[in-house]
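Hi everyone, thanks for coming. Let me put the model up on the screen and then walk you through it.

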Amino acid sequence: MDSKSNSLIAYNVLKEKIINSGFCTACGACEAACPVAALQIEDDKVKRLHDCSADLDLCPICYEVCPHSEALLLRSLRAVSDAPIRNEAIGYYRQMLLAQAADPKLREQCRGAGVVTALLTYGVENKIFDSAIVSQAESGDPTKTKPIVAVVPDDILSAIGSKFFPSAVAKAYGAAVMGYGKTKIAFVGVPCHVLALRKLEAWKHKISGNLKMLIGLFCFGTFSLKPLLEHIAKTYNIKPSDIKQMRLSKELVVQTEKESINIPFEEVQGKILPSCRTCADFTSEFADISVGSAFPLTDWSAVIIRTKTGEDFFFDAVKNGAINVRAVEQEPKVFERVIGPAIKKRIEALRAASKLEETRGFIPARLLRETDLLSRVKVEDIMTINVRTVPSGMTVSQLLELMSTEHHIGYPVINEYFELVGIVTIEEASRVDKKKRSETLVGAIARSNLDVVYPGETALDAFKKMSAQETGRVLVLDPENPQRVIGIITKADLLHALVKQA
Ligand SMILES: Cc1cc2nc3c(=O)[nH]c(=O)nc-3n(C[C@H](O)[C@H](O)[C@H](O)COP(=O)(O)OP(=O)(O)OC[C@H]3O[C@@H](n4cnc5c(N)ncnc54)[C@H](O)[C@@H]3O)c2cc1C
Ligand code: SF4
Ligand code: SF4
């Protein structure tokens with residue numbers, strides 16, 4: 001077992017490191033996993049119903065399955081790590097494409113692509129799933145999110161659309177297994193929900209075998225309900241009971257009977273849960289299938305297929321007319337709009353986590369910490385050779401096109417003598433004004449102050465340099481000719497090396 005507990009009763013650690021530190025996102029995994037029913041989620045808080053140490057001498061479960069603990073992470077990654085592509089921004093995957101519900105009425109109803117609803121409906125109607133865990137807005141209070149065990153298409157339809165507040169979906173999963181006896185369950189959640197379910201699988205918890213499909217949503221963060229409602233009441237004089245609907249696009253749209261108020265996102269950003277600030281996963285990297293916006297397209301979603309199970313189910317739904325698909329390469333902007341926020345979220349999470357470690361001495365986040373394993377691996381054993389480079393004379397427009405077709409997010413830049421000039425990533429490219437992209441050369445924006453490694457150094461050396469640079473990759477140079485790039489190591493390569501050893 002991967003226990004990191006300093007106590008025999010995990011709840012003590014869960015309470016100190018996660019709950020009291022404000023890192024709980026109220027997913028309900030601890031409640032679902034507890035062998036003596038000692039925990040309950042109520043009003044987005046974990047309540048201890050009785051002292052479990054009276055019944056048990058030792059129990060590490062609730063801390064380990066919590067998505068905000070560092071335990072079981074690598075073992076959970078095994079669920080997706082046989083995918084052929086690994087990308088430091090969006091994780092392991094098989095393919096990325098554009099998709100929409102084939103039914104135009106459904107798309108109209110959800111004001112978007114309706115992919116998740118169409119997939120779940122197809123699965124339930126065809127008895128591939130006997131239930132689906134979805135999140136409704138509570139009737140009579142649209143600010144509250146209610147997870148339900150959907151058993152018929154109408155239940156699934158009632159949960160259409162995103163609610164930007166916590167939802168105890170893992171608790172509902174537990175109820176589906178233990179209360180309703182469901183055995184073929186589809187689960188929908190944001191990345192931390194998805195990780196909680198993968199951790200239950202990695203733990204081999206008795207309820208985990210009933211999971212049939214994990215559908216993950218992209219996620220920038222979840223709002224903390226009370227502070228947000230207080231802000232809206234104070235600033236806009238709108239009582240929580242007057243709110244009929246809330247939507248998020250570039251702004252938070254608050255709808256009442258009489259009016260609709262658009263609140264700039266920056267104004268409410270501070271009301272996002274503390275855990276979301278150290279969360280590095282934008283695209284639900286542990287899911288079978290991940291779904292998010294395909295901005296600027298409004299009626300298509302970006303879909304990332306990660307596992308064989310996800311792939312078989314998804315294309316079955318396509319073949320039988322439930323889902324329409326298009327190649328993502330037809331819309332280069334979509335790729336940029338998925339990768340950009342994913343990198344931003346990762347970098348901001350790393351910054352927030354290192355600040356936290358300074359002040360509190362621990363990171364309740366899913367970051368690379370297995371430094372002992374990394375110190376045993378040599379750079380030459382894990383580096384990717386045949387590095388794809390770009391010439392310094394290429395334009396930024398050409399570079400972005402290349403990124404979207406090859407699904408790479410960074411390239412070493414070389415001059416006409418094949419010497420290293422620097423490195424260019426989607427971050428530098430997207431900072432160039434759109435109108436100037438066709439005339440700006442990659443050589444002019446490449447980052448030249450690089451930390452590099454040599455083949456004989458360790459993976460830990462590479463990780464430290466990578467973290468210092470915040471680029472997510474380091475170049476490996478030829479010790480005989482330090483102008484020549486012979487390899488590259490990304491965070492995904494490091495993670496892959498760790499997963500293989502775990
Ligand atoms: C908190 C949150 C933040 C998000 N942030 C982003 C983002 O930054 N960028 C981006 O591209 N996409 C984001 N998404 C995903 C996006 O809003 C859509 O959910 C996704 O594109 C799927 O669209 P769809 O039309 O296929 O979904 P639909 O067919 O409408 O189905 C949506 C499904 O989401 C489930 N759901 C809704 N709210 C929650 C919740 N709070 N917790 C768990 N499950 C829920 C419902 O059960 C429903 O089944 C976010 C979603 C959530 C819930
Ligand atoms: S498992 Fe979920 S509900 Fe329990 S402490 Fe962790 S985040 Fe909160
Ligand atoms: S940002 Fe991360 S921690 Fe916050 S709700 Fe989304 S997945 Fe969970």
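**Cores and ligand shells**

Let's start inside: the largest nonpolar core has 153 residues, and Cys62, Tyr173, Phe187 and Ile215 touch the most other members. By nonpolar core I mean buried Ala, Val, Leu, Ile, Met, Phe, Trp, Tyr and Cys residues joined through C-beta atoms within 7 Å, where buried means 20 or more other C-beta atoms within 10 Å of the residue's own, with C-beta atoms placed from the backbone. Helix α14 (residues 332-360) gives this core the most, nine residues; helices are DSSP runs of H or I, at least four residues, and strands are E runs of at least two, numbered from the N terminus. Apart from this core lies another one of eleven residues, among them Leu228, Met246, Leu252 and Val268.

A quick word on provenance: this is a predicted model, so local features need pLDDT of at least 70 and side-chain atom pairs 80 or more, while totals for chains, interfaces and linings use all residues. Residues are numbered from 1 along each chain as its sequence is written, and chains are lettered from A and ligands numbered from 1 in the order written.

Now the ligands. Around ligand 1 there are 31 residues, the closest being Thr117, Val134, Phe220, Gly292 and Ser293; a residue counts as near if its C-beta atom, placed from the backbone, lies within 6 Å. α6 (115-125), β6 (131-138), β8 (185-189) and β13 (289-293) each supply at least two of that shell's residues.

The shell around ligand 3 includes Thr25, Cys192, Cys276 and Asp281, and α9 (191-203) and α12 (274-277) each give two or more residues.

Conventions. Buried ≥ 20, exposed ≤ 12 C-beta atoms within 10 Å, placed from the backbone.
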